[in-house]
Amino acid sequence: MLRDITLGQYYQADSVIHKLDPRVKLIATITFIISLFIVQNIAGYVIAAIFLACAIKLSKVPFRFMVKGMRAIVFLLLLTVVFNLFLTPGEALVSVWKLTITKEGLRTAVFMAVRLTFLIIGSSVMTLTTTPNNLTDGMEKLMGPLRILKVPVHEVAMMMSIALRFIPVLLEETDKIMKAQIARGADFESGNLIKKAKSLVPLLVPLFISAFRRANDLAMAMEARCYRGGENRTKMKPLQYKRRDGIAYLVLICYLAVCIGTKI
């Protein structure tokens with residue numbers, strides 16, 4: 001299960017999506033998420049599916065690698081579908097005991113499942129095709145106007161980048177600790193909910209110690225390299241828009257216009 005989480009990982013490939021400016025990919029991801037909440041019919045979701053399929057094809061990232069990240073949220077997805085299916089009032093279709101499946105509930109459950117699936121896969125396209133350094137630079141550039149409000153833009157972007165970078169590291173560390181504890185006789189599967197929660201203590205304690213140790217090592221490394229925040233810092237590879245970025249923005253505008261058109 002832990003190895004199925006792809007959030008924060010980078011998949012190296014030579015594709016058009018990989019070469020795009022990180023600002024374009026960040027804005028495209030936000031726009032795609034907004035579009036999922038704008039569309040309310042089948043035509044809108046079909047357009048979103050075509051747009052997402054084209055992005056995956058151009059990224060050259062294997063589709064099964066992206067779908068693998070969905071396994072970690074299957075429980076959340078099923079829970080959302082069940083709640084929408086049985087708790088949405090409307091025209092009754094099927095009644096079992098005190099539970100009633102309505103026409104509106106079925107429609108909402110299907111759309112919510114598709115929306116969450118597209119949201120996760122769409123976000124994965126950005127993280128899988130953008131290095132943490134580029135992601136930090138892109139977020140810092142986009143949040144630049146917030147400096148007027150005295151927001152520490154560079155520090156915020158750096159924290160978000162470090163958090164994303166540490167996700168796969170901590171997942172790998174968790175997997176190692178879990179296997180070591182299982183080899184020593186620990187049981188993480190059997191028992192009721194309280195027993196399972198107690199069995200996580202031998203896993204969480206060394207994981208927290210390891211996380212704090214890694215954070216301390218990173219802080220010492222940054223201090224040793226005289227890191228003093230983003231004030232007056234220069235970039236080795238400054239971000240510059242190119243022709244393909246302009247084309248990507250144009251495609252994005254057309255996509256959003258079509259999505260809004262399906263709602264009218």
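User: What makes Cys54 partly exposed?
Analyst: Its relative accessible area is 43%. Partly exposed covers whatever lies between buried, under 20%, and exposed, over 50% (1.4 Å probe, protein chains only). So 43% puts Cys54 in the partly exposed group.
By the way, this is a predicted model, where local features need pLDDT of at least 70, side-chain atom pairs count only at pLDDT 80 or more, and totals for chains, interfaces and linings use all residues. Residues are numbered from 1 along each chain as its sequence is written, and side-chain values use heavy atoms, with hydrogens and water left out.

User: How do you know that the structure holds no disulfides, with Cys54 as an example?
Analyst: For Cys54, the nearest cysteine sulfur belongs to Cys259, 13 Å away, and Cys54 is in no disulfide. Cys254 isn't in one either: the nearest cysteine sulfur is again that of Cys259, here 11 Å away. Like Cys54, Cys254 is partly exposed, with a relative accessible area of 41%.

User: Okay, and why is Asn84 called buried?
Analyst: Asn84 has a relative accessible area of 17%. That is under 20%, so Asn84 counts as buried. You'll find Asn84 in helix H5, residues 74-87. Across the chain, buried residues make up 33% of the 264 residues.

User: Which residues is Asn84 in contact with, beyond its neighbours in sequence?
Analyst: Contact just means heavy atoms within 4.5 Å. Leaving out neighbours within four places in sequence, Asn84 has Gly105, Thr108, Ala109 and Met112 as contacts. For the chain, 73% of the contacts with a separation of 6 or more link residues 24 or more positions apart.

User: What makes a group of residues a nonpolar core?
Analyst: The members must be buried Ala, Val, Leu, Ile, Met, Phe, Trp, Tyr or Cys residues, joined through side-chain atoms within 4.5 Å. The largest one here has 25 residues, and Phe32, Leu52 and Met66 touch the most other members. Helices H2 (22-38), H3 (42-59), H4 (63-68), H6 (103-129) and H11 (243-263) each give two or more residues. H6 gives the most, six. A separate core of seven residues includes Leu26, Met139, Val153 and Ala157.

User: How many helices are there, and what makes a run of residues a helix?
Analyst: The chain has 11 helices and two strands.

User: What makes something a pocket, and which residues lie nearest the centre of the largest one?
Analyst: On a 1 Å grid over the protein atoms alone, a pocket is an open set of points where a 1.4 Å probe fits, with protein on both sides within 12 Å along at least five of seven lines; lining residues have an atom within 4 Å of a point. The largest pocket is lined by 38 residues, with Asn133, Asn134, Asp137, Lys235 and Lys237 nearest its centre. H8 supplies the largest share of that lining, six residues.

Terms used:
Helices (H or I, at least four residues) and strands (E, at least two) are DSSP runs, numbered from the N terminus. A disulfide is a pair of cysteine sulfur atoms within 2.5 Å.
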